[in-house]
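Reader: Please show me the structure, and then I will ask about it piece by piece.

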Amino acid sequence: MPVSEQDRQIVDGVFRAMHERAAGEQAMMALFAEDSTVTEPFSGQPMTHRGKPAIRAWFREAVNQMAPDMALKLDRLDMDGGRVRAEWTCTSAAMKGPMRGYDLYTIAAGLIKAAEFVVTEMPEFIHC
């Protein structure tokens, strides 16, 4: 089933906000419902952040830890049951190869209710 234009714009907004780093914080927060959740594996183990204040704190920490040249590319967007599935590739000179994964978004009334980030290929990081 194709992704609606509204849902496509919401997911594109997530990727734009990540590229804008700290400057994208307000745009990122505008995409989430007050009671939304983000589940991510980037802290070393899967962690769920509940509500906009927790998601805002996670976003700030995530962009502060990004390598300056880190680039995130949306490779494919599909429906996966009732959720939007966004496959992506992340590149940086700080990694020996690309990181790949996908996000699953539950979107209702024009806002993200739940986002789950999954890494399928984790490259080794280069230590300076």
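Reader: Where is Ala93 placed?

Author: This is a predicted model, in which local features need pLDDT of at least 70 and side-chain atom pairs count only at pLDDT 80 or more, while totals for chains, interfaces and linings use all residues. Residues are numbered from 1 along each chain as its sequence is written, and side-chain values use heavy atoms, with hydrogens and water left out. Helices (H or I, at least four residues) and strands (E, at least two) are DSSP runs, numbered from the N terminus. Ala93 is in the loop between β4 (83-91) and β5 (99-108).

Reader: Is Ala93 buried or exposed?

Author: Buried means under 20% relative accessible area, exposed over 50%, and partly exposed in between, with a 1.4 Å probe and protein chains only. Ala93 has 60% relative accessibility, so the term for Ala93 is exposed.

Reader: Which residues does Ala93 touch, not counting residues up to four places away in sequence?

Author: Contact means heavy atoms within 4.5 Å. The C-alpha atoms of Ala93 and Asp69 are separated by 7.1 Å, and these residues are 24 residues apart along the chain. Leaving out residues up to four places away in sequence, Ala93 touches Asp69 and Ile126.

Reader: Is Lys52 buried or exposed?

Author: Lys52 lies in helix α3 (residues 52-65). Its relative accessibility is 17%, so Lys52 counts as buried.

Reader: At what distance does the side chain of Lys52 reach the backbone oxygen of Phe32?

Author: A polar contact is a pair of N or O atoms within 3.5 Å; within protein, one must be able to donate a hydrogen and the other to accept it, and residues adjacent in sequence count only if both atoms are side-chain atoms. A polar atom of the Lys52 side chain lies 3.0 Å from the backbone oxygen of Met29. For the backbone oxygen of Phe32, the side chain of Lys52 reaches it at 3.3 Å.

Reader: What is the phi of Ala109?

Author: Most residues other than glycine have a negative phi. Ala109, in the loop between β5 and β6 (111-121), is not a glycine, yet its phi is positive, at about 55°.

Reader: Which strands stand at the edges of the sheet?

Author: Two strands pair if DSSP finds at least two bridges between them. The open sheet has 6 strands in the order β2-β1-β6-β5-β4-β3, with mixed pairing. Each edge strand has a single partner strand, so one side of each is left without a neighbour in the sheet; these strands are β2 (47-50) and β3 (71-80).

Reader: Over how many bridges do β4 and β5 pair?

Author: Thr89 stands opposite Arg100 in β5. β4 and β5 pair in the antiparallel sense, and the number of bridges is 7.

Reader: At about what angle does α1 run to β3?

Author: Axes are lines fitted to C-alpha atoms, for helices over the stretch in contact, and angles run from 0 to 180 degrees between N-to-C directions. α1 lies across β3, β4, β5 and β6, and its angle to β3 is about 160°.
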